Amino acid sequence: MAPYSKFTLWRDGNIILAKANGSWNRFTAEDYASQFKALAMPLTGDNWAHIVYLDNWQLGAPDIEPVVQDLVSWCLKSGLRYTAQVYCPSMIKQYQLNRMIIDSTADFEKRVYPNQQDAFAWLASLGFSSQCQDLSRAG
């Protein structure tokens, strides 16, 4: 039996798609960051977007925060322009995510959606379309 995956990552055109699961520790965050960068590397120098499904993510230990903050910094320097986070409203989840991921800069915007349809529609309105329209079934 395969071990339970804490995340699934893939690229569709100029969008990095992700699904996060379970509770994360620093090692999971480091693995995610490494795989994320490898997927995003071909997009650097161009504008690109990211959508992540977080309904099944159960937060992380405090030591994931600097790892994710470093990944966010790398992404912003590498052309990430838009991020859509998808999860049912959760104050504790929002609190931890906001500690790690900024809302906006002059060249970047993050939005949170309670459903995938609105998140995909927002990215499509900005010119970032994906064949995938259901992150919950991925991985």
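The largest nonpolar core of this predicted model has 29 residues, and Trp24, Tyr32, Phe36, Trp48 and Trp57 touch the most other members. Strands S1 (7-12) and S2 (15-20), together with H1, S4, H2 and H3, each supply at least two residues of this core. H2 gives the most, with six residues. Another core, of 15 residues, lies apart from it and includes Ile51, Ala119, Cys132 and Leu135. In soluble globular proteins, nonpolar side chains tend to be buried together.

**Tyr32**

- Tyr32 is one of the core residues that touch the most other members, and it is also among the residues that lie nearest the centre of the largest cavity.
- Leaving aside neighbours within four places in sequence, Tyr32 is in contact with Phe7, Leu9, Ala18, Trp24, His50 and Leu71.
- Of these partners, Trp24 is listed with Tyr32 among the core members that touch the most others, and His50 is listed with Tyr32 among the residues nearest the cavity centre.

**The cavity**

- The structure holds one cavity of 30 Å³ or more, and the volume of the largest cavity is about 290 Å³.
- Its lining consists of 20 residues, with Tyr32, His50, Val52, Val68 and Ile101 nearest the centre.
- Two or more lining residues come from each of helix H1 (26-40), strand S4 (48-53), helix H2 (65-77), strand S6 (80-86) and helix H3 (91-100).
- H2 gives the most to the lining, with four residues.
- By class, 17 of the lining residues are nonpolar and three are polar, and no charged residues are present.

**Helix H2 and what follows it**

- H2 has 13 residues and reaches 18 Å from its first C-alpha to its last, close to the 18 Å expected at 1.5 Å a residue.
- The buried residues in H2 are Glu65, Val67, Val68, Leu71, Val72, Trp74 and Cys75.
- Among these, Val68 is one of the residues nearest the cavity centre, and Leu71 is in contact with Tyr32.
- The cover over the buried residues of H2 includes H1, S4, S6 and H3.
- Just after H2, Gly79 takes a positive phi of about 105 degrees.

- Ile64 is in the loop between strand S5 (57-60) and H2.
- Why does Ile64 count as buried? Its relative accessibility is 0%, and the cut-off for buried is under 20%.

- Ser78 is found in the loop between H2 and S6.
- Ser78 has a relative accessible area of 10%, so it is buried.
- Beyond residues up to four places away in sequence, Ser78 touches Leu43, Thr44, Gly45, Asp46 and Trp48.
- Ser78 and Lys37 are 41 residues apart along the chain, and their C-alpha atoms are separated by 9.6 Å.

**Thr83, in strand S6**

- Thr83 has its place in strand S6 and counts as buried because its relative accessibility is 5%.
- Which residues does Thr83 touch, not counting those up to four places away in sequence? They are His50, Phe108, Glu109, Lys110, Arg111 and Trp122.
- His50, which Thr83 touches, is also in contact with Tyr32.

Methods: Residues numbered from 1 in each chain as written. Predicted model: local features only at pLDDT ≥ 70, side-chain atom pairs only at ≥ 80, totals over all residues. Heavy atoms only, no water. 1 Å grid on protein atoms, 1.4 Å probe; cavity = no way out; pocket = protein on both sides within 12 Å on 5 of 7 lines; lining within 4 Å. Points joined across faces, edges and corners; volume = space filled by probe spheres on them. Nonpolar A, V, L, I, M, F, W, Y, C, P; charged D, E, K, R; others polar. Expected span 1.5 Å × (residues − 1). Buried < 20%, exposed > 50% of the residue type's maximum accessible area, 1.4 Å probe, protein only. Contact = heavy atoms within 4.5 Å. Core = buried A, V, L, I, M, F, W, Y, C linked by side-chain atoms within 4.5 Å.
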